[in-house]
Structures are given as C-alpha cells and as structure tokens.
Amino acid sequence: MVERYFDAHLYVANWGTHRLTLRLPKQTLDLPTVQPYCLDFHVDAWTTRTHLLLDLTSEDEDSNWVEDADDSLASLIGVRDELAAGDLRPLYLAWLSALSGRELEDDDEEDYQAWSEPSVPAGLGELTAPQRALADFLRVDNDLLEIATRASSTTPRKPAKPTKKELAPLIAAMPQKEKDALLLRFALGPEPRLHTDLLHRLRGTIAPATTPGYRSATQLLEAARTLRTERQRHTERERAKARDQHLSAPASELESAWRQIEAHIATKKTRVYDQAATLLAELRDAYAHTGQDTEFRRCLSRLRESNQRRPGLIHRLDRRGLR
C-alpha cells in the first residue's frame, strides 16, 4: 500500500513494536546513500520504479504501552522532507536504534565487531524537533547518541534561498516536454512536493555534510555503557551528598520537624498519618547519623504515649518499626 499510494505509514503495537515507513521520490534520496545505514530488519530500504521506500523498526517487549502513540506521525513526518533535502541525521538515528535493539536482544557481541559505523552526519548535537521525535519513537539510547555526537561536526549554514536571477536561466534551459509535465501537475491541484521536486531538478541535491565513520558497533556500545556507568555513579554520589546534608540538619530544623509531625497528627485524618510516619522515619535516620538515638527514642516514646488512643497512627508507626 505504501509502495503504491502513501508517503508515510506509522505502526504501533502494544507488544512493543514501533514502525515508521516512508516513501520518497528516487531523485531526492537514492538507495546507495541509504544502504550503509541499513541493519538487519531494523533499518531496511528498497526501490520501486519511481520511489525509494525506507522502513524503520524498533522492538522492545518490555516497554510500556503509550496511549495515543498513533498521533506521533504528525511529529515524525518532518523527517521525510529533511531526508529529501539531503539531511542524513534521521538515517543515522535509525542505525543507532538498531544497535540499541541488538544490545537488548543480548546476542553474541562478536557479531558487533563486523558492523562498521556509517558516515556520521553533521549536527547530531543539534537535532531538529522531528529528529528528536524520531529518536524517541525508535528508542535511541541517549548515552549512545551522546557518544555518537562526539564525532559529528556542527550543522553547516543553510544554502541561501534561490533568487529569480539564478532560477530564470535554469528554467529556460529545461526541455519543453518536462516543463509541460510540471505545469500539468500544477494545474491538477495542490501537490506538497512539487516545489521541492522542482528545486531539486533545477539546482540538484546538495551533498550532505558527513564525517567518515571510524568506530565499530562494539566501540560505540562499550563507550555508551561507560558513560552510563559514570553518570549513574555521579547521580549516586550526589544523592549520598544530599542525604548526608539532610541527616546533618541542625537542631532548629529537627525541632521544626517535630512540630510538623504534631501538626499532621492533630488533623486526626488517617491519610495524614502516613506523612507523619514518613517524617518520623526520616527523623530517626537524622538522629542516628548524629549519634542521638537515645534522644529520638525518648521523643518517640512521649509521642506514642500521648497518642495511644489513635490506633490508626500507632499501627502505621509499628509498621515502620517506630516503637
């Protein structure tokens, strides 16, 4: 159906399949340009007499179902025009998605050694909105993308808008038969691709800015794992630092916490008792951190005694070991 009638097709299944199929005129994107980015069934391409078909797939059985995911086509369709204009970033993102998919499959890593990185497009560090949506839709790993970006140059300046002086002689040199065909297409009604197709015919396709790929899939994946581990360790250190600061709270903050707990209890609302129990558990850790366990137990005993007729509260304290 896409080969014959449609320019884009989106497929989403609740078992984790995300699939985007695009159709482009062969003169805007050729198969030899796409083939280096093809990988297994994740990134596939083929041609008909007039068009190139690009099939991008991401599989993840452990992913959560996203409600209204079928609305994503509106945010993704922009990559079709970008590809037609010579921007190869969507192809590289699909290739990264394929690497992420193979890593999740936990296959023999020796297979990765045979996979060489294709040409790295410029501007991976400054993705467009449709490209960012495509990366999310195809589940491109953010750490893998960051590693890949390190070999990507900045986006070159966009070519200037064509002028009347530039286009007039080019149009005059076109064969009469081709001019008639373009006028007929225009007369038959609005055609979104007509303007772009005409400019490609007159000016040619601008060669995309790329850097030769030099890394293997294994190197990319290992670098991404290292980056992920470093980031997780940094996060854990920051959490530990914040926890130490919280547990080392001055006496005035501890007194304020006790007053807050008493205010929660005074509401006599059982749902607020959970908040009071949570605060008490945090206070227990804070007192233990400063070696004041005895003082905490004394205050807790006084609080339990004054509220012994509130079984809902006592039950919650017992459940958290606040005896």
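**Reading burial and salt bridges**

Tutor: Asp 55 is buried, with a relative accessible area of 6%. The model is predicted.

Student: What makes Asp 55 count as buried?

Tutor: Buried means under 20% relative accessible area. Asp 55 has 6%, so it counts as buried.

Student: Which residue forms a salt bridge with Asp 55?

Tutor: A salt bridge needs a side-chain nitrogen of Lys or Arg within 4 Å of a carboxyl oxygen of Asp or Glu. Here the partner of Asp 55 is Arg 19, and their closest N and O atoms are 2.7 Å apart. Asp 55 belongs to strand β4 (residues 51-59) and Arg 19 to strand β2, so the bridge ties together parts that are 36 residues apart in sequence. Arg 19 counts as partly exposed, at 35% relative accessibility.

Student: How many salt bridges does a search of the whole structure find?

Tutor: The search finds 15. One of them joins the side chains of Arg 231 and Asp 143, at 2.6 Å from N to O. Arg 231 is in helix α10 (residues 217-247) and Asp 143 in helix α6 (residues 142-149), so this pair ties together parts 88 residues apart in sequence.

Student: Is Asp 143 buried or exposed?

Tutor: Asp 143 is buried, with a relative accessible area of 6%, whereas Arg 231 is partly exposed at 41%. Both residues belong to a network of salt bridges that also links Asp 141 and Arg 228.

Student: What does the side chain of Ser 97 reach?

Tutor: It reaches the backbone oxygen of Leu 138, at 2.6 Å. Ser 97 sits in helix α4 (residues 89-104) and is buried, with a relative accessible area of 3%.

Methods:
Residues numbered from 1 in each chain as written. Predicted model: local features only at pLDDT ≥ 70, side-chain atom pairs only at ≥ 80, totals over all residues. Heavy atoms only, no water. Helix = DSSP H or I, 4+ residues; strand = E, 2+ residues; numbered from the N terminus. Buried < 20%, exposed > 50% of the residue type's maximum accessible area, 1.4 Å probe, protein only. Polar contact = N/O pair within 3.5 Å; in protein donor to acceptor, adjacent residues only side chain to side chain.
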